[in-house]
Amino acid sequence: MNQRASTALMAPALAWLTALMVVPCLLILALAFFRRGLYGGIEYTFTLENLALVFDPLYAGIFLNSARVAGTAAIIACVIGYAAAYAIAAMPRRHQPMLLFFAVLPFWSNYLIRTYAWIVLLNREGLIVQGARWIGIEGELPPLLYTQGTVIVGLVYSYLPFVILACYAPLSRLNPEIAEASFDLGASSWTTFRRVTLPMTLPGIAVGAVFVFVLSIGNFVTPALLGGGQFQMIGNTIYAQFLTANDWPFGAALSMVLIAIMMGLLFLQTLAVERGSGGRVRDA
Amino acid sequence: MRPLLEVQGIEKRFGTVTAVDGVSLDVAENEFFALLGASGSGKTTLLRMLAGFEDPSGGRVLLDGADITKVPPNHRPVNLMFQSYALFPHMTVRANISYGLEMERLPKAEIARRVDEMLGVIQLEGLAHRKPDQLSGGQKQRVALARALVKRPRLLLLDEPLGALDKKLRSAMQLELKRLQHEVGITFIVVTHDQEEALVMADRIAILKDGKLLQCGTPREVYERPIDRYAADFIGVMNFFEGYPQDGALQVKGATFTSTDPMPQGAAAGAVAAVRPERIRLGRGENTLAGTVRAMAYHGLDLQLHVDTAAGPVTLRLTADVAEAQPLHPGDPVTLGWSARDTRLFPA
């Protein structure tokens with residue numbers, strides 16, 4: 001295909017993304033450099049105060065805590081998701097599409113409904129508490145809802161399908177003879193996994209981890225519903241700045257830093273995927 | 001002396017399919033042994049059982065007299081060179097080769113010494129820091145070989161070791177493999193579907209058919225004395241003439257052939273006479289056929305002649321000097337002859 005033809009084919013997508021996403025985003029981000037008006041409007045005088053405020057210990061702390069929550073969710077999701085993907089890839093080939101379908105199924109249902117379903121499960125009179133009472137556990141149970149742990153569990157649950165898919169791709173393409181070669185050369189199953197299978201499928205884990213982290217750190221629905229406003233994540237803070245405090249310039253400044261973090265991670269992810277190719281069965 | 005490897009009535013069934021059906025064979029120390037068969041003959045399954053990747057459904061494998069039938073691959077003094085080479089793509093050539101020695105927990109200095117030595121043997125010293133992706137097919141093949149050889153196994157199994165190489169490289173590597181085997185003094189078992197490769201490289205050849213061992217012998221034995229029509233057809237080129245016995249000879253269409261072979265049992269219902277193309281000469285012989293030249297194929301070293309006769313099409317090879325002394329053209333009448341000694345008889 002010549003260059004003109006590919007430019008022509010790309011044009012609609014580029015125009016669409018530029019007009020409807022890049023431009024509005026840049027406009028919002030530009031607000032970060034202006035002052036907040038007295039009654040919530042915007043006063044068009046240049047300032048770096050908003051960006052400076054992001055690095056105030058209060059907000060930097062929210063960033064760090066969000067990163068910790070998102071990082072924990074990413075690690076847990078990768079461990080669970082990799083194990084699931086490994087098991088699926090080890091199944092007979094004809095069963096694999098169906099298993100993947102089931103793994104991804106929750107993802108196709110409404111995010112809000114899924115998250116509300118957790119509240120039904122976890123609240124003070126929820127199914128788990130009732131179940132515990134039924135099998136005879138008495139006394140005060142630790143709170144299941146509105147804790148940081150609950151938010152992490154909710155995030156892992158939401159983004160697990162991403163990780164399963166991301167890890168399944170390289171695992172399913174591994175030439176089984178490579179692991180056999182390791183076994184043949186005297187390695188145990190564990191050594192084979194640690195030195196051969198895992199390094200060869202690391203790009204998949206990196207993709208999955210970055211997805212979970214990026215989607216979690218900016219998430220505001222799960223912390224709001226499952227965290228119950230008990231603690232703030234950066235997504236909630238941005239949400240509050242735009243919709244409650246009516247401080248668009250500061251909300252824009254927070255968003256700008258968040259987007260920068262995400263872009264950096266996605267860039268690193270792309271690098272990792274680029275480097276970690278090879279070792280698959282070549283298409284005949 | 002006890003053979004290094006004894007395979008005793010080994011079997012492998014996958015569901016209702018019997019891939020390997022009661023194969024027994026012995027392989028001596030330092031032997032270059034070839035398992036030859038068409039695809040589906042069970043040769044790769046047999047090799048994988050020797051490596052420990054498939055559990056035999058029956059029978060035993062003895063190595064140095066010890067039963068290793070149930071020993072997992074990582075505890076067998078046997079290494080396998082995979083058809084796909086199965087090099088570790090994320091490791092350098094050096095790391096690939098030292099992997100097996102690291103598993104033996106040898107001292108670092110010894111690993112380095114043995115890897116260096118092996119890099120010298122395969123003549124890839126300069127490429128030790130390359131990744132497999134940056135190697136040619138022939139280089140990958142040598143790394144795969146080095147990775148298995150460096151462990152100094154009692155037995156090295158090679159699954160179609162030259163299958164992925166182009167023709168020219170393949171014939172060079174056939175001799176190279178044989179030289180290496182001689183140099184390292186390790187017993188090789190090679191699986192191949194290429195009969196020419198087996199003839200060139202192996203000390204002994206086992207021909208497998210439908211999971212069974214058909215014939216086992218030196219290249220000369222299996223080439224000159226094939227056990228049946230299938231073996232004769234599978235190894236090299238063979239001319240066959242179907243007929244019926246009469247007075248100790250075989251009556252075929254338009255001719256009678258004599259053979260030093262005894263008439264096979266049950267030959268009354270029909271038998272087959274067979275002769276190799278290179279055993280047929282121009283002119284009369286103990287067995288003679290008249291025919292017409294149909295086509296000729298120039299092969300450089302020799303000329304392949306296709307002749308139509310009353311007994312059917314015949315292929316023969318004339319060396320270049322014979323062909324030049326007596327120029328032939330399609331349509332020319334020719335007389336073909338060969339001796340009774342070169343005539344094999346098989347049941348139909």
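What pLDDT does chain B average, and what share of its residues score at least 70? Chain B averages 92, and 100% of its residues reach that score; pLDDT is the predictor's confidence in each residue, on a scale from 0 to 100. This is a predicted model, where local features need pLDDT of at least 70, side-chain atom pairs count only at pLDDT 80 or more, and totals for chains, interfaces and linings use all residues. Residues are numbered from 1 along each chain as its sequence is written, chains are lettered from A and ligands numbered from 1 in the order in which they are written, and side-chain values use heavy atoms, leaving out hydrogens and water.

**Confidence**
- Within chain B, helix α9 (residues 320-325) has the lowest confidence, with a mean of 82, while α2(B) has the highest, at 96.
- Chain A averages a pLDDT of 87, and 96% of the residues score at least 70.
- Residues 278-284 of chain A stay under 50, and the model gives them 15 contacts beyond four places in sequence (a contact means heavy atoms within 4.5 Å).

**Where the chains meet**
- Chain B brings 25 residues to the contact and chain A brings 22 residues.
- Together the two chains bury about 2000 Å², with 56% of it on carbon and sulfur atoms; buried area is the accessible area (1.4 Å probe) that two parts lose on being put together, summed over both.
- Asn74(B), Tyr99(B) and Met103(B) supply 26% of the area that chain B buries against chain A, more than any other three residues.

**Pairs across the interface**
- There are 2 salt bridges between chain B and chain A, a salt bridge being a side-chain nitrogen of Lys or Arg within 4 Å of a carboxyl oxygen of Asp or Glu.
- Glu102(B) forms a salt bridge with Arg195(A), and their closest N and O atoms are 2.6 Å apart.
- On the chain B side, α1 (43-51), β6 (78-81), α2 (93-103) and α4 (137-149) each supply at least two of the residues that touch chain A; helices (H or I, at least four residues) and strands (E, at least two) are DSSP runs, numbered from the N terminus.
- α2(B) gives the most to that side, with 4 residues.

**Inside chain B**
- The domain assignment, which is automatic or from a database, gives chain B domain 1 (5-224) and domain 2 (240-347).
- Asp203(B) forms a salt bridge with Lys178(B), with the closest N and O atoms 3.7 Å apart.
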